[in-house]
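Please read it alongside the sequence and the model shown here.

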Amino acid sequence: MTLTASAPTSAPAPTRPRRTWVGALIGACLVALVGVSLFVGVSDVSPLSLLTGGPDSSAAYLLVASRIPRTLAAILVGASLGIAGLIMQMLVRNRFVEPGTTGVSEFATLGMLVTIVFWPGMAVVGKMGVAAVFGLVGTWVFLRVVRAVPVRQLVLVPLVGIMLGGVVGAVTTFFAYRLDLLQSLGQWAQGSFATVMQGRYEMLWVAGVMVVVAWFAADRFSVIGMGEEFATNLGLDYRRVVAVGMVIVAVITAAVLVTAGMIPFLGLVVPNVVSLIIGDNVRRSIPWVAGLGAVFVVGCDIVARVVRFPYEIPLSVIVGIVGALLFLWLLLRRRSRAH
Amino acid sequence: MLTETAPAPSARVVALWRRPSARLSLLVAAVLALIATYLFTDVPGSLAFALKVRGLSVLAMVVVATAVGVSTVIFHTLTQNRILTPSIMGFDAFYVLISTIVVFFFGSASFLRMDALTLWAVQLVVMVAFSVVLFTWMFGGKRRSIHLMLLVGIVLGTFFRSFTEWMQRMLDPLDFQVLSDAMFASLTRPDETLLLLTAILVAAACAAVVPLLRTLDVLTLGEPAAVGLGVNHRRVVMALFGIVSVMVAASTALVGPILFFGLIVANLAYSYAGTFRHAWTLPTAALLGVVCLLGGQLVLEQIFAFGGSLSMVIEFAGGLFFLFLVLRKGAR
């Protein structure tokens, strides 16, 4: 992985092996975890109870109404947040950014607050739309502020983003506090799949569509990652590709926020780990990032459900612990070059 | 400030204004005036009762301002920078984590059975020991970039907070109640015993700093120069980190985390004091802290009729100020 500030995307490295077996391993992990996720929970749902109970049993109902939606939601969240982080990293040309370290999540949360205050009865699609617009504004503000960072310092960029998020978060908290909405906002913002059931996760398919869009545009993002001049020389409409990337990131952030809440560090850690394994070619790494993100979230969700059985711990807590440790490792790994 | 309003400031006033002692006296006068205003404005009922209640919150603010201001300035000197603070480094999150771990493993029963003083002492000793280890790890070895340390600190803070939340979710409700009562006292309605303990502790920590004032000035020159001038660098730095830990732990336990407060106060103090000598910057930081807390509270209560949201205002203003500092630092 090239961790230099100027070029996170080195040319597709021919020396890297294809590592198909690692990809197969991720796929196998995902299948195994999905199996566990479907059959772990307070009520008894096991393959045996499904067989003996027949298609109309309570076990089958539970599977369709709760377990399958929840597992699908976890997969979609993991895959799309990983992609959002990957694209953000290409746009800013910095390894250490993701929606959570750039203030985009906080802007989207502010959008949520606005809908709660002004249009409390709004449908979830509308809430998501408003949150996405705010997320878009947040991405734009962040890109502007980063442009003001004169020297391309590697760790300064996420630092500025986190502080930007802090300032916006303070505004949100202030109004939520004044309007007595702190608690309901807290429930929205805390990352968890506890309330995900049939009819309450479908918004995430929008995030799934964004993953597909990202896949189609993958090569363009690779080129964007090499810088504006380089991209323009190759005949690419730089601004348009950046705009597409911003929309993808904002919509994914908003969709995840509306259904599952804020999930820290995911978009940061997953693309970095993938880059360590197979390098920086976006077209090749997109399925890896999506797969690994899904494995990560499904796994953390299982831990969140099991560790204090029969109660649940919010997913964001587990992801926060694991993700923070991984991020620290990424930061301090190359201490000699970090300055 | 004062001289600007005069059309032609006489040379004498300017000369007086250059002296740190004059600036500090002016600040002391401002603080006294603020305290008097706070105590005596709009007394609804019995004066004695109001004075007692308000006196306690003034004391809380003075204690917190002193602890945060003094510890941040010392921390800046030790780490040789002006944008890190113990809070931003995830320090108070760490304190909450330690208290949670104590309750988690020993239960609130032991928490309650021990008298407040013992518990206080145990927590502080654990806290100071751990933080000295943490600081040695982060600042003891090879010199790393300030921005990297800052990012590491912020991520560590997130880690501590997530871990704390996890443990708190595992606690039974009674234990949790005891813990949150112990963790979140308010700035305007502090717990009396806890406040007095904190005040004594912060006063003791300040007294411990006094003989080290000149050593601190020498430390400003950097480690090689300080060692050359005969400072036992390692020992002094560890002692000072210990003092910083005590102050931060004490103020966090009293009013909870105030992330950006120390940053604002310390940087204001450097420009207001007009000198980097700690004999002047430390009291200036503490007094400016009182001005910010008390003045901010007065403005919020009297003009906007809000209560209790001062920390959010500080967070907002402090965040913007921090961005400004970081971006300007990046420019250089």
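In this predicted model, helix 5 (residues 124–147) of chain A packs against helix 6 (residues 156–178) of chain A at an angle of about 135°, with their axes 10 Å apart. Axes are lines fitted to C-alpha atoms, for helices over the stretch in contact, and angles run from 0 to 180 degrees between N-to-C directions. Helices are DSSP runs (H or I, at least four residues), numbered from the N terminus.

**Helix 5 and helix 6 of chain A**
- The angle makes helix 5 of chain A oblique to helix 6 of chain A; angles under 35 degrees count as roughly parallel, over 145 as roughly antiparallel, 65 to 115 as roughly perpendicular and the rest as oblique.
- Helix 5 of chain A and helix 6 of chain A cross in a right-handed sense, that is, with the near helix turned clockwise from the far one by less than a right angle.
- Contact (heavy atoms within 4.5 Å) involves Val141(A), Phe142(A), Val145(A) and Val146(A) of helix 5 of chain A, and Val157(A), Val160(A), Gly161(A) and Leu164(A) of helix 6 of chain A.
- Of these contact residues, seven are nonpolar, one is polar and none is charged; Ala, Val, Leu, Ile, Met, Phe, Trp, Tyr, Cys and Pro count as nonpolar, Asp, Glu, Lys and Arg as charged, and the others, Gly among them, as polar.

**Helix 4 and helix 13 of chain B**
- Helix 4 (residues 47–79) of chain B meets helix 13 (residues 261–273) of chain B at about 70°, with their axes 9 Å apart.
- These two helices of chain B are therefore roughly perpendicular to each other.
- Their crossing is right-handed, and the residues in contact include Gly69(B) of helix 4 and Ala266(B) of helix 13.

**Interface between chain A and chain B**
- The contact takes 39 residues from chain A and 36 residues from chain B.
- The two chains bury about 3,600 Å², 82% of it on carbon and sulfur atoms; buried area is the accessible area (1.4 Å probe) lost on putting two parts together, summed over both.
- Leu159(A), Met163(A) and Ile321(A) lose the most area in chain A, together 16% of what that side buries.

**Salt bridges**
- Four salt bridges are found over all chains (a side-chain nitrogen of Lys or Arg within 4 Å of a carboxyl oxygen of Asp or Glu), and zero between chain A and chain B.
- Arg70(A) pairs with Glu312(A), their closest N and O atoms being 2.9 Å apart.
- Arg70(A) lies in helix 3 of chain A and Glu312(A) in the loop between helix 13 and helix 14 of chain A, so the pair ties together parts 242 residues apart in sequence.

**Conventions**
- Residues are numbered from 1 along each chain as its sequence is written, and chains are lettered from A and ligands numbered from 1 in the order in which they are written.
- Local features need pLDDT of at least 70 and side-chain atom pairs count only at pLDDT 80 or more, while totals for chains, interfaces and linings use all residues; side-chain values use heavy atoms, with hydrogens and water left out.
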